[in-house]
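Here is a short briefing on one protein model.

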Amino acid sequence: MQNLLKRILSVAVIVVLVILAFKYCQFKKEDDSTIDYNTNLIQQQILNVGKLVVTEGHFSEVITYKNQQKYLMDMVSFEKKALVVVNANVTVAYDLHKMKYDIDEKNKTITILNIPKEEITINPDIQFYDVEQSKLNPFTGDDYNKINKSVKANLAKKIEKSSLKSNAQNRLISELSKILILTNSMGWKLQYNGKTIESDTDFNEDLKL
């Protein structure tokens with residue numbers, strides 16, 4: 001009788017141990033699945049954000065180009081000039097496909113390693129009016145190159161003084177905030193430059209673009 005009880009007790013202990021082991025493995029599997037799910041969801045969100053963010057602007061300017069060729073010890077000169085009207089389409093773009101990041105599953109942290117610099121493209125439409133030239137000082141390809149270079153330099157100054165770059169950065173931050181919203185909702189952290197990003201304000205202050 002005692003042997004029978006011992007056998008029953010031993011079987012019961014084994015059954016309990018098997019159930020506990022099964023439960024543990026099941027819990028472990030679910031926990032791993034949750035981590036995999038979270039990681040995949042974050043990676044998908046980053047892929048969604050990883051696109052070309054483009055902000056467009058239009059600029060106009062009018063310049064007068066003059067050039068003078070002098071001969072006979074500067075006693076005789078031949079001048080050429082033109083009124084130059086410029087209309088330019090300008091884009092400021094961030095290619096977020098180039099963004100680099102690291103996902104730390106153990107510490108539930110996403111670290112942004114690198115954000116690409118803005119790419120500024122200037123496409124000027126240059127029209128010439130009131131062109132005056134002579135056979136001894138005609139317009140040449142060198143003149144057009146000088147004008148084009150001067151136009152782009154002037155436009156670059158206008159872009160710096162305008163709100164185009166700040167508007168582009170605001171759009172960039174808006175895209176990156178989508179990652180922040182997701183990480184916060186899942187209990188993860190988002191870091192950049194050794195700091196934890198907790199709000200859009202932190203993006204403005206900490207992201208050195």
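What pattern does the protein follow when read along the sequence? The pattern is α-β-β-β-β-β-α-α-β-β-α. The model is predicted: local features need pLDDT of at least 70, side-chain atom pairs count only at pLDDT 80 or more, and totals for chains, interfaces and linings use all residues. Residues are numbered from 1 along each chain as its sequence is written, and side-chain values use heavy atoms, with hydrogens and water left out.

**Overall layout**

- The protein has four helices and seven strands. These are DSSP runs numbered from the N terminus (helices: H or I, at least four residues; strands: E, at least two).
- Of its 209 residues, 29% count as buried (under 20% relative accessible area, with a 1.4 Å probe and protein chains only; exposed is over 50%, partly exposed in between).
- Take contacts (heavy atoms within 4.5 Å) between residues at least 6 apart in sequence: 73% join residues at least 24 apart.

**Nonpolar core**

- A nonpolar core is a set of buried Ala, Val, Leu, Ile, Met, Phe, Trp, Tyr and Cys residues joined through side-chain atoms within 4.5 Å.
- The largest one has 40 residues; I42, I110, L155, I179, L190 and F203 touch the most other members.
- Elements giving two or more residues to this core include α1 (2–49), β2 (76–95) and β6 (189–192).
- Helix α3 gives the most, with nine residues.
- F203 touches I173, L176, S177, L180, L190 and I197, not counting residues up to four places away in sequence.

**Helix α3**

- Helix α3 (residues 164–186) has 23 residues and reaches 34 Å from its first C-alpha to its last. That is close to the 33 Å expected at 1.5 Å a residue (1.5 Å times one less than the number of residues).
- α3 bends by about 25° at L176, the angle between axes fitted to the seven residues ending there and the seven starting there.
- Buried residues in α3 include L172, I173, L176 and I179.
- G187 follows α3, and its phi is positive, near 80°.

**Aromatic pairs**

- A search of the whole structure finds three aromatic pairs. Rings of Phe, Tyr and Trp (its six-membered ring) pair if their centres lie within 6.5 Å; planes under 30 degrees apart count as stacked, over 60 as edge-to-face and the rest as tilted.
- The Y65 and F139 pair is tilted, because the ring centres are 6.0 Å apart and the planes are at 45°.
- Y65 lies in strand β1 (residues 52–71) and F139 in the loop between β5 (119–132) and α2 (141–161), 74 residues apart.
- Y65 is buried at 13% relative accessibility, and F139 is buried at 12%.
- Ring pairs link Y65, F128, F139 and Y144 into a cluster.
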